[in-house]
Amino acid sequence: MAEGRVDSMTMADGALQELIARTIRAPSSHNTQPWRFRPERGGVSVLADRERRLPVNDPADRELTISCGCALMNLRVATAAAGRAYRLDLLPEGERSSSLARMTWQDGAPDAEDASLASAIETRHTWRERFAPISVSSEVVEALAAMAEQEGARLQEIEQGKPRREAARLVAQGDAVQWRDPSWRRELAGWIRPRRLRDGLAVPGPVAPFARMVVRTFDMGQRVGRHDAQLAEDAPRLMVLSTNGDERIDWLHAGQALERVLLAASQLGLQASYLNQPVQVASLRPRLCDALGVRGHPQILLRLGYPQREPVASPRRRVAELVEPVPGLIRSSFI
Ligand SMILES: Cc1cc2nc3c(=O)[nH]c(=O)nc-3n(C[C@H](O)[C@H](O)[C@H](O)COP(=O)(O)O)c2cc1C
């Protein structure tokens, strides 16, 4: 979408679809893309799609909600870049509803800082390989921590030396616990998909059945653990994103903070990937706090650095599949 003020936007002319197309470039666990959108009179709601939950990996839908929070941040950024101000209501239909946020377009100036992040929506990708041997400056780390704080979360660095070694150990332990569990392996295998299906962890079509079979059948926890521990030790920066509370509202804040950090990082040429195992495995989560002095509730463990080459974009489903039909609503009036 062209940046700057766009006039006369309706569902019919595709502007809302354009906004949603940018929104869904957000990261999500296993690339489940667990979101839906409901056009409203004068706005749009972001809904959690619980059919895409990961009951073994994420029994409380914590990561599902964080993923939707990332999408919400993209929606905010894309809306600002389209020249629109808005009001945002989180959990507008109560704690238990699948409605996570309602955005209502408003008169007024768009948020210039949010708009300035828009170019990064397309350039942010998860980088799972080793990073280039280039250090990430303390100024950058401080700027990213301020971004997280702006969204009600905290980004703490895990320093090289003992804390880093301890974090790497917890990552490897997390891998061992997860891979030992056949139901966890089955769930992961189910999200290994041929690229043409547009979701999940995409692999070339002919490889998909074999990759799924291997993941489903073999406990590779020791090998994966050694590899991940090395990634944790070698990462230019390793950081924990945490929140004071550990409820749905906190996960929504964590997601928005995560995506703001990732977009800002991408604009500086940085990319991230995740070593969330010690957060996902319930028994290890408190140890992450004790051993590393993480304050509050850890939500995401991130490696950050400069990728060695241009990352490849992962697939996304079509916008038309994600928009709820709203009886009687002809125009969402994004004007
Ligand atoms: C809440 C959350 C948790 C994630 N956890 C992991 C993880 O444990 N391991 C991993 O490799 N990637 C993880 N990811 C990254 C996703 O797999 C990635 O976002 C998705 O495959 C889409 O790719 P992209 O980020 O390059 O667009 C996570 C992403 C989110 C938002």
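The structure is a predicted model, in which local features need pLDDT of at least 70 and side-chain atom pairs count only at pLDDT 80 or more, while totals for chains, interfaces and linings use all residues. Residues are numbered from 1 along each chain as its sequence is written.

**Ligand shell**

- Pro27, Asn31, Thr126, Tyr274 and Ser314 come nearest among the 17 residues around the ligand, where a residue is near a molecule if its C-beta atom, placed from the backbone, lies within 6 Å of it.
- Two or more residues of this shell are given by each of α2 (62–81) and β9 (271–274), with helices (H or I, at least four residues) and strands (E, at least two) taken as DSSP runs numbered from the N terminus.
- The largest share, four residues, comes from α2.
- By class, the shell holds five nonpolar, ten polar and two charged residues; Ala, Val, Leu, Ile, Met, Phe, Trp, Tyr, Cys and Pro count as nonpolar, Asp, Glu, Lys and Arg as charged, and the others, Gly among them, as polar.
- Domain 1 and domain 2 each contribute at least three residues to the shell around the ligand.

**Domains and their contact**

- The domain assignment gives domain 1 (15–124 + 314–321) and domain 2 (138–305), and such bounds come from an automatic or database domain assignment.
- The C-alpha centres of domain 1 and domain 2 lie 21 Å apart.
- The contact takes 33 residues from domain 1 and 29 residues from domain 2, two residues being in contact if their C-beta atoms, placed from the backbone, lie within 7 Å.
- On the side of domain 1 that touches domain 2, α2 supplies the largest share, eleven residues.
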